[in-house]
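My notebook is open, and I am ready to look things up. Here is the structure I worked from.

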Amino acid sequence: MENDVDFLIHSYFELSFFGQTVSITTTHVCMVIVCLFLTIVGLAVRRKMARASMVPGGFQNLAEFYVQTMDRFVQANMFRHWRKYANYILTIFMFLFVSNISGLFGLRPPTADFGTTLILALMTFAVIQFQAFRTNGIPGYFKNLTQPVPVLLPVNVIGELAPPVSLSLRLFGNIMGGTVMMALFYGLMPRLLTVGIPVFLHIYLDLFAGTLQAYVFCMLSMVFINDRLPA
């Protein structure tokens with residue numbers, strides 16, 4: 001029965017670097033597919049906007065609707081500083097959304113791999129720390145770690161390191177959980193039950209949960225970054 005359950009974790013070939021062996025897995029392949037798809041969409045939007053007419057078509061309307069919606073989303077959470085981070089949040093959300101729902105198309109979501117979610121969280125962590133140094137300067141940054149009393153320094157340091165852990169584990173756990181549940185359903189249920197019924201599971205575990213987790217990741221990223229911005 002165990003052989004019937006496929007979690008889509010496969011190693012295709014291995015590469016050696018400086019004595020270390022690196023496996024090219026399903027995650028890498030699916031990541032490339034997602035990136036290629038987003039690149040093609042981006043080039044198509046760029047070409048369409050370059051030839052934009054006074055009466056936009058459906059594709060142009062969709063692209064403009066997404067950008068305007070994300071701009072309002074970022075502005076509502078980052079206020080007067082929103083323009084600096086609108087493109088970052090817009091890009092992260094699109095990548096997460098497409099990655100999370102890629103299970104609908106038979107792929108293993110790249111975000112079901114902790115290596116992917118950790119890198120995304122570290123990107124946000126780098127932005128947070130950069131903004132903290134930029135706002136307070138080096139002396140002010142380290143001074144804030146001792147507020148309100150110096151004895152809280154260890155707690156404040158943990159608080160600074162918590163965002164990437166929280167962001168990466170939350171995203172990874174939810175997407176990985178949905179991937180495992182779908183694999184168990186397809187692998188353990190009678191074939192008759194794998195026709196039709198999985199549609200509703202995919203709607204919830206891939207589409208709904210995937211969209212929600214992309215939203216949560218971006219929302220928390222904005223909250224953490226905004227906390228380091230000047231008043």
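Predicted model: local features only at pLDDT ≥ 70, side-chain atom pairs only at ≥ 80, totals over all residues.

**Entry 1: α4 and α6.** I looked up helix α4 (residues 114-144) against α6 and found that their axes come within 9 Å and cross at roughly 20°. That makes α4 roughly parallel to α6; angles under 35 degrees count as roughly parallel, over 145 as roughly antiparallel, 65 to 115 as roughly perpendicular and the rest as oblique. Axes here are lines fitted to C-alpha atoms, for helices over the stretch in contact, with angles from 0 to 180 degrees between N-to-C directions. Helices are DSSP runs of H or I with at least four residues, numbered from the N terminus.

Residues are numbered from 1 along each chain as its sequence is written, and side-chain values use heavy atoms, leaving out hydrogens and water.

Which residues of α4 meet α6? I listed Leu120, Ala121, Thr124, Val127, Ile128 and Gln131 in α4, which meet Phe217, Ser221, Phe224 and Ile225 in α6; contact means heavy atoms within 4.5 Å. I sorted the residues of this contact into seven nonpolar, three polar and no charged (Ala, Val, Leu, Ile, Met, Phe, Trp, Tyr, Cys and Pro are nonpolar, Asp, Glu, Lys and Arg charged, and the others, Gly among them, polar).

**Entry 2: α5 and α6.** Next I checked helix α5 (residues 153-188) and helix α6 (residues 197-226), which pack at about 175° with their axes 10 Å apart. They are therefore roughly antiparallel to each other. This contact divides into 16 nonpolar, six polar and one charged residue. Among the residues meeting here are Leu167, Arg170 and Phe185 in α5, and Leu201, Val216 and Phe224 in α6.

**Entry 3: proline 164.** I found proline 164 in helix α5. Is proline 164 buried or exposed? At 7% relative accessibility, I count it as buried (under 20% relative accessible area; exposed is over 50%, partly exposed in between, with a 1.4 Å probe and protein chains only). Leaving out residues up to four places away in sequence, proline 164 touches Ala121, Leu122 and Phe125.

**Entry 4: cysteines.** How many disulfides does the structure hold? I found zero disulfides, taking a disulfide as a pair of cysteine sulfur atoms within 2.5 Å. For cysteine 30, the nearest cysteine sulfur is that of cysteine 35, 11 Å away. Cysteine 30 is buried, at 4% relative accessible area. For cysteine 218, the nearest cysteine sulfur, again that of cysteine 35, is 16 Å away. Cysteine 218 is buried too, at 0%.

How values were computed
Helix = DSSP H or I, 4+ residues; strand = E, 2+ residues; numbered from the N terminus.
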